[in-house]
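Take the sequence and the coordinates shown below, and read the following paragraphs alongside them.

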Amino acid sequence: MLNVQSRVVEDWDYRTANTKEFTHGIHPYPAMMIPQVARRLIDEYGSGGGILLDPYCGTGTTLLEGMLANFYAIGTDLNPLARLIARTKTAPIDLDLLDREIKDFSEFGLVTAGLRDGQTDHPNIPNIDYWFSENVQRELGLIRSHIDWIESAQIADFFKVAFSLTVRKVSWTKNSEFKLVRMAPERIEDHDPDVFSTMVDVLKDNRRAFASLDHALGDEPTIPAVYGFNSVVEIPQETITPGSVDIVVTSPPYGDSKTTVAYGQFSRLSSQWLGHDNANQVDNSLMGGGKLSDEVRFGFEELDEVIGEVADTDPRRAGEVASFFFDYRNSICNVADAVRPGGFACYVVGNRTVKGYQIPTAESTAAFFEMSGFEHVETFHRNIPNKRMPSMNSPTNVPGKLGKTMKSEFIVVNRKTV
Ligand SMILES: C[S@@+](CC[C@H](N)C(=O)[O-])C[C@H]1O[C@@H](n2cnc3c(N)ncnc32)[C@H](O)[C@@H]1O
């Protein structure tokens, strides 16, 4: 019998913890996992080493914690910017070489890039003048050209991550929002950033983060592998042998990107400057991006009932919820196949509200795992003191009418029995 009661455990809150330790803070991202939560799950449910999987790895919080705990960590994410950050964050770097490159850039960066290229290379960003002043575009173009000349791929990645954050800071986007929203006109008038020194500051901050990681890592750390496969469609067997994963620690999306967290919108301008393919299509490809009818049934009564209730007032919204859970269930099936008997799957999820109904995502997670040969071990309930996440959204989809969404989340722990 499925027991999905959750236990409120306040010491999972980590109210005052430093969530930016090591390289965790080199670049912001929506709905990042708290490193302390990943660390504790790995510590309590991992068996000291082996294979760790994060099928929604985002910027690699779990991967870094897995590496620090001597696991071979494997992650996948469909968002190319998240993959760049995850890969960079978890790769130890030659600090002497990095120092030389930062010095080179600080002293001659824009001049040499300008001399080499004569003119700057502008990426193909529709509406570029809406987001960046002409001067900012010119300087970003020069920095981008400079990065292309860096020989070491790892140092180039380090610069790309700093560049991405610089793009965010010097653009006319509201940095306090994860969605792509332009600043108010009066703020735009006052926003005259020095692009070059913004980049230098980020490089120096991030360099300090890598020095602290260097101290924490052993002599021969196992570098995580970061892939771009769609965990809803498959976990390729040539990448992860079925039944080989010891522990899964992940925070999946809790709804489709359009109505919850827009990971693609957050990343779009940086990705376009970096030349990532289909940078403006990311949100459509993420979990729940397709369309489905609200008629779908999941075999978990609590979820089926809530979708039915939403459908009574808004069948389209119910279809969106169903579409998300259809993908979510498929991805759990794929993940379940990858885990070894006795291995654990720990999912950090939120129960959002749609049309005034709370969607039982935590309970559905336990139920879907149970349908895939797992038993539910425990669900912890934690408050979210410092996870960056919109605390209000528009679940009714009426512009201006806000409803409360999650201020707490659930940590659902399951163990494979067969
Ligand atoms: C909550 S975020 C993960 C954040 C991560 N724990 C961190 O600390 O940065 C969820 C991630 O799932 C990714 N995602 C959504 N659908 C996906 C899919 N079908 N396959 C792989 N990744 C997907 C999104 O791009 C997003 O980065």
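Two residues count as being in contact here if their C-beta atoms, placed from the backbone, lie within 7 Å. The model is a predicted one. By that criterion, Lys160, Ser164, Val167 and Arg168 of helix α7 meet Leu269, Ser270, Trp273 and Leu274 of helix α10. Sorted by class, this contact between α7 and α10 comprises 4 nonpolar, 2 polar and 2 charged residues.

The geometry of the pair comes next. Two packed helices are described by the angle between their axes and by the distance between those axes. Helix α7 covers residues 153–170 and helix α10 covers residues 263–274; they pack at an angle of about 130°, and their axes are 9 Å apart. Because of that angle, α7 is oblique to α10. The crossing of α7 and α10 is right-handed.

The ligand is the next stop. Around the ligand there are 22 residues, of which Tyr56, Gly58, Thr59, Thr61 and Met287 come nearest. By class, the shell around the ligand consists of 13 nonpolar residues, 8 polar residues and 1 charged residue.

Finally, the whole chain. The protein contains 14 helices and 12 strands. Its C-alpha atoms fill a box of roughly 70 × 55 × 40 Å along the principal axes. The protein has a radius of gyration of 22 Å, which agrees with a compact globule, because a globule of 418 residues would have a value near 22 Å.

Technical notes:
Residues numbered from 1 in each chain as written. Predicted model: local features only at pLDDT ≥ 70, side-chain atom pairs only at ≥ 80, totals over all residues. Axes fitted to C-alpha atoms, helices over the stretch in contact; angles between N-to-C directions. Helix = DSSP H or I, 4+ residues; strand = E, 2+ residues; numbered from the N terminus. Parallel < 35°, antiparallel > 145°, perpendicular 65-115°, else oblique. Left-handed = near helix turned anticlockwise from the far one by under 90°. Nonpolar A, V, L, I, M, F, W, Y, C, P; charged D, E, K, R; others polar. Near = placed C-beta within 6 Å. Rg over C-alpha atoms; globule rule 2.2 N^0.38 Å.
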